Amino acid sequence: MEIGLKEFIIAIVTLNKDMVNSSTAPIFYAANEEHLERLALLIAKTTRGMVHDLEGGTYIIVKH
Amino acid sequence: MDKHFITIVISVILGVIARTYMMRIDYRQYPTYPQAYLSHFTLGVIAAGLGAVVIPAITEKEYVAITFLAIAAQHFRDVRSMERESLDNIEPTELVPKGTAYIEDIAKTFEARNYMAIITATATGTAMYIGEVLEIPILLRTLLGIIVGVIIIFLLNKMLQTRFVADIAEIKEAEITFEGPILTIAGVGVMNIGLKESREVFLANGLAVEMIPKDPNAVAVLSNIGQRQAIQHNVAIQLGIRKDMDEPDFTPIARRNPENGNIVMAIVAMEPDMECLIEAVKRTPVLESSKRKPLDSYVGEQIKHS
């Protein structure tokens with residue numbers, strides 16, 4: 001049997017430097033739009049999560 | 001024993017035919033070939049054998065023999081759990097999972113098909129025994145047995161026939177659009193796709209369909225999550241899916257329009273052919289466990305008349 005986290009935000013990738021980490025998911029600050037996409041993609045690939053766009057320069061990576 | 005020999009042999013043969021007739025190797029590759037195929041064939045022979053000896057045992061006044069059937073029923077229930085377990089075990093290895101409802105349906109089918117072998121063999125045996133009582137010559141008796149067996153196979157097949165999605169819904173092409181990051185098909189938001197690259201892939205190669213249920217019963221069937229998973233799985237294995245395990249973006253997801261019960265689904269297929277996609281959806285079986293007939297209930301009747 002496989003055991004793992006599901007329906008869980010693994011990471012937050014954002015351009016918004018004011019966002020402060022308050023809980024379990026780590027925040028990654030991106031320098032620009034391009035970096036944001038790239039970071040999100042890399043984290044998603046390594047964690048097999050899915051990237052969701054919250055708009056306003058914030059992506060979350062969720063494990064489904 | 002000798003006088004029952006022909007009856008038993010003919011019954012077993014027809015029982016086995018009943019079982020093997022239902023064991024086609026098609027796109028599902030299930031039962032897997034050759035090993036699972038052989039084990040199911042053997043179980044079919046055992047089932048047919050059990051069914052075949054029922055009538056001779058009764059004519060010999062060996063009534064205790066009937067208890068064997070109870071053991072057989074127990075045994076074939078085990079077949080069901082064996083199938084379920086094995087499918088459950090391989091489920092994590094599927095790119096697009098079958099879903100528990102589809103697995104349960106397959107497992108149930110396997111159990112039922114063994115009973116089919118028993119029933120066919122018993123019916124053949126009964127026909128041949130009746131022939132014996134009426135003192136029909138052995139050749140004609142054999143022929144009678146075969147005819148009855150074939151009729152039973154035919155009837156049971158008809159009874160066990162699955163319905164397909166095409167019978168309960170109309171399938172038509174739909175367009176993929178994006179509302180911000182939300183993948184939208186025919187006005188229904190399906191999922192949030194964050195990566196621009198993935199969105200471009202969807203817009204370039206994605207195909208989408210809309211399933212429009214024909215009546216309120218069909219609405220209830222298609223709303224079942226297991227039924228939708230079965231559709232996703234079938235489409236993905238038939239068209240091939242452009243996805244690997246680290247790309248959850250491209251998992252086909254069938255979503256429901258809560259307003260009218262229509263189902264929409266998008267897929268990025270290896271073979272982006274709309275006709276094939278529609279055909280694959282149409283040919284998905286309606287799962288026994290997702291069948292609902294709300295219109296047949298008292299409340300359903302009231303709603304129909306109001």
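Trainee: Which residues is B:Ala266 in contact with, once its neighbours within four places in sequence are left aside?

Mentor: B:Ala266 is in contact with B:Ile176, B:Leu183, B:Ile185, B:Val190, B:Phe202, B:Gly206, B:Leu207, B:Ala208 and B:Pro252, where contact means that the C-beta atoms of two residues, placed from the backbone, lie within 7 Å. This is a predicted model, in which local features need pLDDT of at least 70 and side-chain atom pairs count only at pLDDT 80 or more, while totals for chains, interfaces and linings use all residues. Residues are numbered from 1 along each chain as its sequence is written, and chains are lettered from A and ligands numbered from 1 in the order in which they are written.

Trainee: What makes B:Ala266 stand out in the largest nonpolar core?

Mentor: That core has 60 residues, and B:Ala266 and B:Ile267 touch the most other members. A nonpolar core is a set of buried Ala, Val, Leu, Ile, Met, Phe, Trp, Tyr and Cys residues joined through C-beta atoms within 7 Å. E7(B) gives the most to this core, with six residues, and the core draws at least three residues from each of domain 1 (2-159) and domain 2 (165-293) of chain B, bounds that come from an automatic or database domain assignment. Apart from it lies another core, of 27 residues, including B:Leu14 and B:Val54.

Trainee: Why does B:Ile152 count as buried?

Mentor: A residue is buried if 20 or more other C-beta atoms, placed from the backbone, lie within 10 Å of its own, exposed if 12 or fewer, and partly exposed in between. B:Ile152 has 22 C-beta neighbours inside 10 Å, and therefore counts as buried. B:Ile152 is found in helix H5 (residues 138-159) of chain B and, residues up to four places away in sequence not counted, touches B:Ile119, B:Thr120 and B:Ala123.

Trainee: Why is B:Thr162 called exposed?

Mentor: B:Thr162 has 12 other C-beta atoms within 10 Å, so the residue is exposed. B:Thr162 lies in the loop between H5 and H6 of chain B, and beyond its neighbours within four places in sequence B:Thr162 is in contact with B:Pro285 and B:Val286.

Trainee: What makes H9(B) largely enclosed by the rest of the structure?

Mentor: Eleven of its 15 residues are buried, so H9(B) is largely enclosed by the rest of the structure. Among these buried residues are B:Gln227, B:Ile231 and B:Leu239, and the elements that the buried residues pack against include helix H4 (100-133) and strand E7 (263-268) of chain B. Helices (H or I, at least four residues) and strands (E, at least two) are DSSP runs, numbered from the N terminus.

Trainee: What is the span of H9(B) set against?

Mentor: The expected span is 1.5 Å times one less than the number of residues; H9(B), residues 225-239, reaches 21 Å from its first C-alpha to its last, close to the 21 Å expected. H9(B) is followed by B:Gly240, whose phi is positive, near 80°.

Trainee: Which residues of chain B does UniProt give as "transmembrane region"?

Mentor: The unreviewed UniProt entry places that feature at residues 6-25, 37-58 and 138-156 of chain B; such annotations may be inferred rather than shown by experiment, the positions follow the numbering used here, and feature names are shortened. In the model, residues 37-58 are 100% helix and 0% strand, with end C-alpha atoms 32 Å apart, whereas residues 6-25 are 80% helix and 0% strand, with end C-alpha atoms 31 Å apart.
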